[in-house]
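Here's a quick briefing on this one. Have a look at the model first, then we'll go through the strands and the annotated spans.

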Amino acid sequence: MDWIADIRLTDGPVYWAAWVLGAAAALSLIWPPRTLGRRRWLLSVAAAVAAAAVVVLLVHWVLINWASTFPEELPFDVLACVFPAVAALLLVLLRLPRASWRRRFLDVLALLAVALLAAVQINAYFGLNRTVADLTGTALSRIPALERELMRQPHSPATTLDGWKPANELPADGVLRTASIPGTASGLQPRDSYIYLPPAYFASNRPSLPVLLLVPGQPGGPADWLTGGSLRARMDTFAARHGGVAPIVVVVDPNGSQSANNLCMDSAIAKADTYLSVDVPEWISGTLDVAPDHRQWAIGGFSFGATCAVQMATRHPELYTGVLAFSSETEPALAKERRKTVDAAFHGDTAAFDAQLPLTLLTERKYPDSVAYFAAGATDPEFVANLRTLEAAALGAGFTAGSDVVAHTGHSWDVLTPGLDNGLELLAEHWGWAK
């Protein structure tokens, strides 16, 4: 049944079948019932459409102003996908009182088809679940835990990459493993992390490889980097260009749940900074064969994760000298209204909040040994503006910086094409690798 798991959801037959069924279902709901005159029904349709727009905008306003799930405005494309499903629901409710049981059944099926189209479109926009396996999690469930033989051996020599050649034939691809990184100092209870070990890690004369820490978006979790981010395939491609050498990637969870937002800082909410600056580095150094020199360490992320990466790289340049920021905010947020974040995290102390922000630190400090890469989708204007602001501030503070605005892409994991590849090459240059 592997063929079912490999069925694509963001393009191909399933995607277009959802379009055909959804469009046909929408037309069937708009078509006037026999029990109503056409003029009266058209007025009902217009009222349902207007009401759907009001409902969508109202819910959106509540989410960004009162909930901590979406601190930034949702993209217009996503709202446009939700709107037909809400309108379809209202039309079904209008049709129900005068419809036969058979017609009611067909109308409910039509509503489900329109809702399915909305879900497929939203998923395609964000580029998250690209296949059935991504959606069901079956591929992720088969990733084994990190084995003892892949862990750092006591007193293992620190072999650098300078002039390194593998003493044996390397595997063609890297591997993925899971691990639990406890919040010993921070007190956090994170979800499992994912670890990518490149082919060079399996050399008998294993070198101490660079580290790339990755943080997911919010809402979301570490698994998103494997599904929407296609992490393994992208890292294998990079390793193939570099003789099997690539950074060891550790995808971590500073939030602990799908909807939590710990702001990637130490605050009244949680000690997320301590987790990423103490717990995680100590676990990586003590568990894996990695470069002991933190000039070979970088941190990256998407959306919330990108904001977190910029925060950590500016607060802890002694730990992370490289940063990859895909669709970053300029500062962390629980809600669109800044005061809500300050009140919840710092009991209303704006100065304490501001002191930890990247834009503050980039005006106060210099980072001559750090490198940053920023990317955002061209149809995501708010985050393109964030990119410009952060890149200018980073360059002014001494960062070596690069950026891409990815054409025909919004606030989506598709920013990683070509973003992750270009960002990794910038890191490779920073680390002194030849292409």
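Helices (H or I, at least four residues) and strands (E, at least two) are DSSP runs here, numbered from the N terminus. You're looking at a predicted model, so local features need pLDDT of at least 70 and side-chain atom pairs count only at pLDDT 80 or more, while totals for chains, interfaces and linings use all residues. Numbering starts from 1 along each chain as its sequence is written, and side-chain values use heavy atoms, with hydrogens and water left out.

**Annotated spans**
- UniProt (unreviewed entry) puts "transmembrane region" at residues 12-30, 42-64, 76-96 and 108-128; its positions are given in the numbering used here, feature names are shortened, and annotations may be inferred rather than shown by experiment.
- Residues 76-96 are 95% helix and 0% strand, with end C-alpha atoms 31 Å apart.
- Residues 12-30 are also 95% helix and 0% strand, and there the end C-alpha atoms lie 28 Å apart.

- Strand E7 (residues 371-377) is largely enclosed by the rest of the structure, because 7 of its 7 residues are buried (under 20% relative accessible area, with a 1.4 Å probe and protein chains only).
- Val371, Tyr373, Ala375 and Gly377 point one way from E7, and Ala372, Phe374 and Ala376 point the other way.

**Pairing and crossover**
- Strands pair if DSSP finds at least two bridges between them; E6 (residues 322-326) runs parallel to E7, joined by 5 bridges, and Leu324 has Tyr373 in E7 as its bridge partner.
- E7 also runs parallel to E8 (residues 400-406), with 7 bridges joining them, and Phe374 has Ser403 in E8 as its bridge partner.
- From E7 the chain crosses through helix H15 (residues 381-396) to E8 in a right-handed β-α-β crossover: with the strands pointing away from the viewer, the path from the first strand over the helix to the second runs clockwise.

Notes: Buried < 20%, exposed > 50% of the residue type's maximum accessible area, 1.4 Å probe, protein only.
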